[in-house]
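These are my notebook entries on what I looked up in one model, taken in the order in which I came to each place.

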Amino acid sequence: MRLHRNLCFATVDGLLQIFNEGQYADKVVQQLLKRDKRWGSRDRAFVAETTYDIVRWKRLYAEIANVKEPFSRDDIWRMFAVWATLKGIKLPDWKYFENTPTRKIKGRFDELSKIRKIKESIPDWIDNIAVKELGEAKWTKEIQALNEQADVILRVNTLKTTKENLQNILHDNDIETEYIKGYPYALKLKERANVFTTQAFKDGLFEVQDASSQLVADFLQVEPGMRVVDTCAGAGGKTLHLASLMENKGQIIALDIYANKLKELKRRAKRNGAHNVEPRHIDSTKVIKKLYDKADRVLIDAPCSGLGVLRRNPDAKWKLEPEFLDRIKKTQSEILNSYSKMVKSGGQLVYATCSILPSENEEQVKKFLASDYGKEFSFVKEEKILSHQSGFDGFYMALLKRN
């Protein structure tokens, strides 16, 4: 591979924004990709993938390059040189790469690879908590899997098409996909491609949604005609899946504390042809109380640490702080206590997170069931999905029934 100056400059600029200004990697990459209209798909792929790669391995590369935060532009070039060297890319004779000690880089890599938190490039505190909660062996395998690049997975919108039909349409667009055993609505891209520009996407035939996330709506056991509440709907990935499982019959009330996310959900629902979705902004506790004892099914896709989705959000591990984890566990508990009251007698509730930590998952469910709020509920089943076992995102879901 030959390095091109303008692409490398763009990557270095982006990394400075992500590391020093605390900007989100996905937003920065989006901006970078608009930088030069002459760039082809290969150029854009280089910028996006290299940026994410260096974000993912920040700690390891910084240790090898012997640089510390806040990084100067020269520091980022040194980290870039480490990335290129470890990838086996020949460094051009630019001033930024003068005196790059290629052999020393490889030696340092071998040496540092003996220490998990540096080799897998994670903060000490996350490593400590995960070892405590998952055990050394399981965590070692899991963090390895979470550092791999995520596949692009589509969820077919059964309101508009079938999986077979969608696969054929994409094939005609030179996008090859394959089925995934055990995931009835999923198609996996054989090679990465920008699917958002396809007519099939614009026509609402599919959404991009990880395979693990696709299991949640099914877990809720919805049926056409039911009244379902998605309590933390966000931009509506799971809401739209519920709509297709319910065949547009019945009612889905999509709640969220962020009005802008619900606006996006409205747009997506229109594209998907999902007519039974009603977004409601949680601007006071009244919105919740009005729904007490009214729902056949309630989905709580709770806010969490997001440790199960580090493959697609590698910058999250650098933004997370121990205090946030404590706060989010408190929030999860409050949400479970409050939102569970929406389930009517005989109805069902799913509590789900994209975390792999038992303290955010099964321990929250146990605590709830042992409390005054949870005494009317009984435990039905749970599913713990780990990346190193599934090949997809880490997830947790528990199904509870109100007596």
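**Entry 1: Asp256**

I looked up the neighbours of Asp256 and found that this residue touches Thr231, Cys232, Ala233, Gly234, Lys261, Leu262, Arg280, His281 and Ile282, leaving aside residues up to four places away in sequence; contact here means heavy atoms within 4.5 Å. The model is a predicted one, in which local features need pLDDT of at least 70 and side-chain atom pairs count only at pLDDT 80 or more, while totals for chains, interfaces and linings use all residues. Residues are numbered from 1 along each chain as its sequence is written, and side-chain values use heavy atoms, with hydrogens and water left out.

Asp256 is found in strand β6, residues 251-256; helices (H or I, at least four residues) and strands (E, at least two) are DSSP runs numbered from the N terminus. Is Asp256 buried or exposed? Asp256 counts as buried because its relative accessibility is 7%, where buried means under 20% relative accessible area, exposed over 50% and partly exposed in between, with a 1.4 Å probe and protein chains only.

**Entry 2: the UniProt record**

I then turned to the record, where an unreviewed UniProt entry places the feature "binding site" at Asp256, Asp283 and Asp301. For "active site", UniProt (unreviewed entry) lists Cys354. UniProt positions are given in the numbering used here, feature names are shortened, and annotations may be inferred rather than shown by experiment.

I located Cys354 in the loop between β9 (343-353) and α18 (362-370). Not counting residues up to four places away in sequence, Cys354 touches Cys304, Gly306, Leu307, Gly308, Val309, Gly394 and Phe395.

UniProt also places "domain: SAM-dependent MTase RsmB/NOP-type" (unreviewed entry) at residues 142-403. I noted that the end C-alpha atoms of this span lie 37 Å apart, and that the span is 34% helix and 24% strand.

After α13 comes Glu247, whose phi is positive, near 55°. Asn248 counts as partly exposed because its relative accessible area is 22%. I set beside these the rule that most residues other than glycine have a negative phi, and most peptide bonds are trans.

I next checked the loop between α7 (116-119) and α8 (124-134), where Glu120 has its place. Glu120 is buried, with a relative accessible area of 6%, and touches Trp57, Ile143, Gln144, Asn147 and Lys317, not counting residues up to four places away in sequence.

Ser121 lies in the loop between α7 and α8 too. Ser121 has a positive phi of about 55° although it is not a glycine, and counts as buried at 0% relative accessibility.

Helix α1 (residues 5-20) has 16 residues and reaches 22 Å from its first C-alpha to its last, close to the 22 Å expected at 1.5 Å a residue; the expected span is 1.5 Å times one less than the number of residues. Among the buried residues of α1 I listed Leu7, Val12, Leu15, Leu16, Ile18 and Phe19. What covers the buried residues of α1 includes α2 (25-32), α3 (41-56), α4 (58-65) and α5 (73-86). After α1 comes Gly22, with a positive phi near 70°.

In the loop between α4 and α5 I found Pro70, which is joined to Glu69 by a cis peptide bond with omega of about -10°.
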